[in-house]
Amino acid sequence: MGSNNNKSNEKLRFCIDRGGTFTDVYAELPNQSSGRVLKLLSVDPSNYDDAPIEGIRRILEEYTGQKIPRSSKIPTDKIEWIRMGTTVATNALLERKGERIALCVTKGFKDLLQIGNQARPNIFDLTVSKPSNLYEQVIEADERVELVFETDASASSVKGVSGELVRVAKVLHVQGLKGLLEGLLDKGIRCLAVVLMHSYTYPRHEMLIEDLALSMGFRHVSLSSALTPMVRAVPRGFTASVDAYLTPVIKEYLSGFISRFDEGLRKVNVLFMQSDGGLAPENRFSGHKAVLSGPAGGVVGYSQTLFGLETMKPLIGFDMGGTSTDVSRYAGSYEQVLETQIAGAIIQAPQLDINTVAAGGGSKLKFQFGAFRVGPESVGAHPGPVCYRKGGELAVTDANLILGTVIPDCFPSIFGPNEDQPLDIKATRDEFEKLSHSINSYRKSQDPSAKSMTVEEIALGFINVANETMCRPIRQLTEMKGHETKNHALACFGGAGPQHACAIARSLGMSEVLIHRFCGILSAYGMGLADVVEEAQEPYSAVYGPETILESSRRAAFLLEQVKQKMRQQGFIDGSVKTESYLNLRYEGTDTAIMVKGQSEEMLETDYAIEFVKLFQQEYGFKLQNRKILICDVRVRGIGVTNILKPCELSAVCTTPKVEGQYKIYFEKGWHETPLFKLENLGYGHILLGPAIIMNGNSTVIVEPDCRAIITKYGNIKIVIDVAPSVVKVAEKVADVVQLSIFNHRFMGIAEQMGRTLQRTSISTNIKERLDFSCALFGPDGGLVANAPHVPVHLGAMSSTVRWQLEHWGDNLNEGDVLVTNHPCAGGSHLPDITVITPVFDNEKLVFFVASRGHHAEIGGITPGSMPPFSKSIWEEGAAIKAFKLVEKGIFQEEGIVKLLQSPSFDEFSARKIPGTRRLQDNLSDLRAQVAANQRGISLIKELIEQYGLDVVQAYMTHVQTNAEGAVREMLKSVSARVSTLSPDCREKDLVTIEEEDYMDDGSVIHLKLTINTEKGEAIFDFDGTSPEVYGNWNAPEAVTAAAVIYCLRCLVDVDIPLNQGCLAPVKIHIPVGSFLSPSDKAAVVGGNVLTSQRVTDVVLTAFQACACSQGCMNNLTFGDDNFGYYETIGGGSGAGPSWDGTSGVQCHMTNTRMTDPEIFEQRYPVLLHKFGLREGSGGAGIHRGGDGLVREIEFRRPVIVSVLSERRVHAPKGLNGGKDGARGVNYLITKDKRKVYLGGKNTIEVQTGEILQILTPGGGGWGSLC
C-alpha cells in the first residue's frame, strides 16, 4: 500500500462520496492531468442498484471503450485503488433502519440509556419528543464491579486497566445470563451491545458475555470496553448500541459492494473514510466510526488543498447542502472531539469536530408574527422546493431562483413527470406573489405609508435571514473555543454554499473566501487526500507527575506496537508510519478533559502539563492555580501517509477572461447585468470584479458587488471581500420585516455567546457541566431584550433584578461598574443563584444592560450545598446580597465580596452565626467568569452599534419586544378559543375565565384565576386566594412566578419567538403581597425556585388545558461534609397531553440540568449507585399515559450529611380530562440494620457508612378517561 510502481500508473484511482441525495465520483485517469468527475443520484432503482458501482462502471467503460454490462462483475485489472465515504450508517441511524439489537447492562441499570443525562432536547416542547431507542430489548447481567478507594484497599482488591483499584462485588452469573440470551435468540435478535459498570477498567465480565453470546449463535457483539475504553457508562453504552445497530448494516452493504467486482476486489486497495478523517480497510470499518464518513471527506478536502497553499489564515469549513450545513474549523491540524450526539445517540469515539446547522437550500421560508423565518424545517428532496415541480413549499432554493443566483440554463432538466423539464420559475414567482400579498398587507396595517415590497425584495430578505441563521452558530462555534471569527477565511463547498459565500463572509467580518475547483464534489476528492489511520486507547487514572509520566510512556509504547502491527498488516513499513501520542488530562475537581498531543513521538520528551495549561487557558480563558492535573486516558494514533492526489500548478495566463453569457441578478441595490464565466476556461491570474457568476461544474459561485475573484495557481477561486457590511438605515416608523428577523438572531446570538463564555470560563460543575445558568440582554429601562434559553426558571426573572438595581443605584452607575446580587427581594430567585449585572454605556449614555445568573454550589448557610431543607429564614440559607458593586470603575472589589460571602448573616432571633461559603475560591472564579461573560456581551453590543448605529439598535430592541408581544397575543386568542370549546361555561362575551388550583405538600394552596380577553389577546393571571407566607423554605419570590408564566406562554406559542419583555406585555400578573408567592424579605426561599416554580407551572398549564401535571418537583439532593459537597436534581415523569403520552425519566418544565454519569458519580464521591432506572407504572393512566418517574438508590461509603428537598410526596401530580393522577414520590433511608425509614419530602440526616438512600420520583399525570 505504501509504495508506487510504474504499473500502478496505468490504473485508475477512484474517490467516491455516497451522499444522501447524490453520489460524487472523482477518478484519476492514467496519463491525464485532469480527473474525471461524475455525479449520480444515490438512489435510482430504475437505472441501477448501487450508485458507487454504477459510477465506477461508467468511467471504466469510457476509459477502456469496452462495454461492461450491469449484470456482470466489474473487472479490476484497471483499478489501482478505491476510496469511499458513505452515508449508509448515517441514514440507517437517522431513519432507524439498523439491525435488530438488544442491550446488556449491569443489574439495576436497565434504563441507563433511556434516561441518558435526563435533559430534554427542547425545553419548550411539552411533548418532550426524544429519538427512539436503538435497542428492542434490555437484559440485565447479574454482576457488579466496584471502585475501591486506596484507604479501603483489601486483599480482594485488584488493579484495573486504568490503574484504579476495583473489587468484584458480584461475579457474573453466567447461567442466569444464558437463559436471557436464549430468550433473545428466540425473538430473532442476534446482535448485542454490552455496557457494564466500570468495564472501562475491568473488561473481563464484558469479554465473558461476548464469548458466551457468540458461542450461542449471536452474529455480532459490541463491547463498550473494547470500542471506547473511557470512563462514563452512558456515552460508552450509546456507542456500543450504535456500533451493534450499524455495523451489520455496513458489513452487509460492503459485502454486496465487494461482491460486484471480479475476484472480490482482492487485488485492489479499498479503503473507507471514518469519522475521524482517517481511512480504514473494510474489515476495520465499523458502525460507531462511520457516522460522519461523508462530511469528514469534505474537511480533509478543504484542509489539505487550501490551508498553507492558498492561505495561512485558519479556515472555517462551510459545506452547505440541501437540508443542512456542516461547519468545521482547521488551523494546521484536525480538530477532533471524543464525544458527539447524532440523531439522539451519544457516540464516544475520536471524530472530526463537525457541527450541523439546520439551514440549507431546502429550508422552508415562512412569514409569521410579522417577521421572516427560515427553517429549521426542510422541504426535503421530495417534494422539495416549489421550483422542483412536485407541489413543494417555498424554500431557500426558490429565493435564489427569483434573485437569479440559481440559473435554470445551468441546472439539469430533470424535473416534471418525465424528469425532462427545467426548474419552474413561474410557479416559484406565483408562490412569492401570494406571499407578498400577506406580507404587504401586514406592513400596511402597521404603517399605512409603508411602501410595498417587491417579490425580489422579499426573496432577498429571506436570503439575508437565512445567511444570519447560518452565521449565528458559526460565531458560536469559533468563539466558544476562544477564536475570533473575523480572523478566519471561509472555505466554501457543497452544492449551495458558493451562492452564499460572499454574504456569509461579509456578515462574519471575514475578508477572504476560498472555493476549491472541485467544490461540488470536495468530499469525494478529500478521500484521495486522506491517510490510513489506526488508533488505540486505554484508561489510566492517575495524578500527573514524574512517575505517572513514566507509566504513561510505557503504556503508550505498548499501544503503539499494537497500532504498528495493524499498519504492517495493511502493507505499511514502519518507516512510512507516523505516530502520535496523547494524554487526556483534566484539572482535579472538574469534568473538562483535554486530549493533549505530544510534541514528539517520544512521550517523555513532552511536558504535557505545560501544554495542557496553555490549551486550557486558550479554550477557557483562565488557569487554575494550585490544582492537581489528572491523567484520564492514554491514546496513540498511527498514520500511514497515502496522500497520492497532488494539486497541479497552473501556468499564469495573460488573456482576458472569456464571458460566456450575461444574466440578471438581484443584489441589495437592485438588478445587475452580471457576466457568467466558466471555471474551466479561466486561468491562473485571472481577476473578476463583482458582480460575476462563475460556473464550476454543478456549482454556481456568486461574486457579489464590491468583491473580486482571483483564480489561483492551483485553479481554485479566492474571493476578496473589499468592504465591511454596510450600515443599515431605517427610514420607516415600523420595523422592517427582514431586519426584525436579523436583529432577533443578533440579540439572541449575543445572549448565547455570553452563555458560551460563561460555560467556557467557569470552574464549577453546576455551571460548566450541569449548565445551571442563564445570560440575557436588557434595555436601558431593564426590560428584557433577549434571554438565551438555558434554564427555564431563570426566564424573564432577571428583568426584575435589573430594574431593582437600576432603581437602587440611580445615577450612581458608571462605565466600568459591575453589580452583584442574589437577594429575593431584589428580584432574585434563591440565594445560590447569583446574578452579575453590567451596565453598557455609549458616549457616556446608559444604553443597555447585560446580566448572567449562575447557580453557585456553595454560598454558606446551615447545611453544605446551601440547599437546607429546614431553613425558616433567609439568613439560614447563606450569603444574601441585595446590592454590591463587584467591580467599581474597573477595579474588582475582592475584599468586599469575600466579606459578604464569608460572613453572610446572624440569626436575628438567636444571634447564632451562620456559616459562610465553604468554597470561596470557586465562588470568586465563577463570579469572574460571569464578569467575563458580561464583558463578551458588551463587546458584541458595541460591534452591533458600530455596524448599525445606536438609534437603529435601540429601535429594534423595541421592535423585537413588540414582535414577541404580537405572537403571544395571537396565541392567547387561539388558546382561549380552544379552551372555551372544551369548557363552554367559562366564556362570557369576549372574556374566558378559568380557575385552577393545586397544593403544596404542607397544604398551602396556589390559586389561579386566569382571564383571557379573546378580542385583544390579553390575559390576567390573578393568584388571589394563594396561601400566605409559609414557615418553611418553599416561599417563592415574585420573579419565580413571572418566570413560570413566561415559560408556559413560550411553550404554548410553539414558535421560535425571542424570549423578551414583549412576551409579558399582553399579560398582567397579580400576586397578593404576603402570600408565599410574594413573601417578605426575611422569608426562607431556597425551595421556591426548585419546588414552588414547578407547581405554579402545573397550575398555569392545567388552566390552559395544555397537558396534565408533570412530576412537579426537582427532587433536590445534596450531600457532603467539611471537605466536599455534591448537588443534583432528579428527573421524573412528564404529563400526558391531548395527543401524546408523557415521557419517562426526564427533567420537567422549570429545570433541564444534567445528571452526573453513574461511573463518574462513583469515581468522584464516596457512594455506590445500586439502582438508577424508571419507576415502572408510576405514570397516570389515561388515553395518553403519563411518564414514569425514576428510582435512585445510593449507598454511602462514609458518613455524610444528606439533605433532601422535594415535593409531590403528599399531593399527587394531577391527570387531566379524566386521566389518572401520577404516583406520588417517596424518600426512604435503609439503615444498617435493614430498617426502611420514611423521610418525608424534606429532611436532613447524618447518614452512616453502608446506609442507603432510596428516592422514588413522581410520575406524570395521564390525559383522557379510559372509560
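Q: Where is histidine 198 found in this chain?
A: In this model, which is a predicted one, histidine 198 sits in the loop that runs between β10 (191-195) and α5 (204-216).

Q: And what is its phi?
A: Histidine 198 has a positive phi of about 65 degrees, although this residue is not a glycine. As background, most residues other than glycine have a negative phi, and most peptide bonds are trans.

Q: OK, which peptide bond is cis, then?
A: The bond that leads from glycine 690 to proline 691 is cis, and its omega is near 5 degrees. Proline 691 belongs to the loop between β29 (687-689) and β30 (692-696).

Q: Changing topic, how many salt bridges does the count come to?
A: The count comes to 64 salt bridges by the rule applied here. One of them joins arginine 219 to glutamate 99, with the closest N and O atoms 2.7 Å apart.

Q: Why does that pair tie together parts that are apart in sequence?
A: Arginine 219 is in the loop between α5 and β11 (220-223), while glutamate 99 is in the loop between α2 (88-94) and β5 (101-106), so the pair links parts that are 120 residues apart in sequence.

Q: What does the domain assignment give?
A: The assignment for the protein chain gives domain 1 (101-233), domain 2 (363-526 + 651-721), domain 3 (532-640), domain 4 (737-965) and domain 5 (1108-1266).

Q: How many residues are in contact between domain 2 and domain 4?
A: On the domain 2 side 23 residues are in contact with 16 residues of domain 4, and the two domains bury about 1,800 Å² between them, with 51% of that area on carbon and sulfur atoms. The C-alpha centres of domain 2 and domain 4 are 40 Å apart.

Q: How many salt bridges does the rule find across that interface?
A: The rule finds one salt bridge across the interface of domain 2 and domain 4. As for a further individual pair, the side chains of arginine 472 and glutamate 752 meet in a salt bridge, at 2.5 Å from N to O.

Q: What about cavities, how many of 30 Å³ or more are there?
A: Searching the whole structure finds six cavities of 30 Å³ or more, and the largest cavity has a volume of about 90 Å³.

Q: Which residues lie nearest the centre of the largest cavity?
A: Asp772, Asn1089, Val1090, Met1114 and Thr1151 lie nearest its centre, out of 16 residues that line the largest cavity. The elements that give two or more residues to this lining are α23 (1086-1103) and β47 (1125-1129). By type, the lining residues of the largest cavity divide into six nonpolar, seven polar and three charged.

Q: And where does the largest cavity lie relative to the domains?
A: Domain 4 (737-965) and domain 5 (1108-1266) both contribute residues to the lining of the largest cavity, so this cavity lies between them.

Q: Last one, what is lysine 1016 in contact with?
A: Setting aside neighbours within four places in sequence, lysine 1016 is in contact with Arg969 and Lys973. Lysine 1016 is in the loop between β43 (1005-1013) and β44 (1018-1022), and its C-alpha atom is separated by 56 Å from that of aspartate 276, which is 740 residues apart from lysine 1016 along the chain.

Conventions
Residues are numbered from 1 along each chain as its sequence is written. This is a predicted model: local features need pLDDT of at least 70, side-chain atom pairs count only at pLDDT 80 or more; totals for chains, interfaces and linings use all residues. Side-chain values use heavy atoms; hydrogens and water are left out. On a 1 Å grid over the protein atoms alone, a cavity is a set of points where a 1.4 Å probe fits but cannot get out, and a pocket is an open set with protein on both sides within 12 Å along at least five of seven lines; lining residues have an atom within 4 Å of a point. Grid points are joined across faces, edges and corners, and a volume is the space filled by probe spheres set on the points. Helices (H or I, at least four residues) and strands (E, at least two) are DSSP runs, numbered from the N terminus. Ala, Val, Leu, Ile, Met, Phe, Trp, Tyr, Cys and Pro count as nonpolar, Asp, Glu, Lys and Arg as charged, and the others, Gly among them, as polar. Domain bounds come from an automatic or database domain assignment. Contact means heavy atoms within 4.5 Å. Buried area is the accessible area (1.4 Å probe) that two parts lose on being put together, summed over both. A salt bridge is a side-chain nitrogen of Lys or Arg within 4 Å of a carboxyl oxygen of Asp or Glu.
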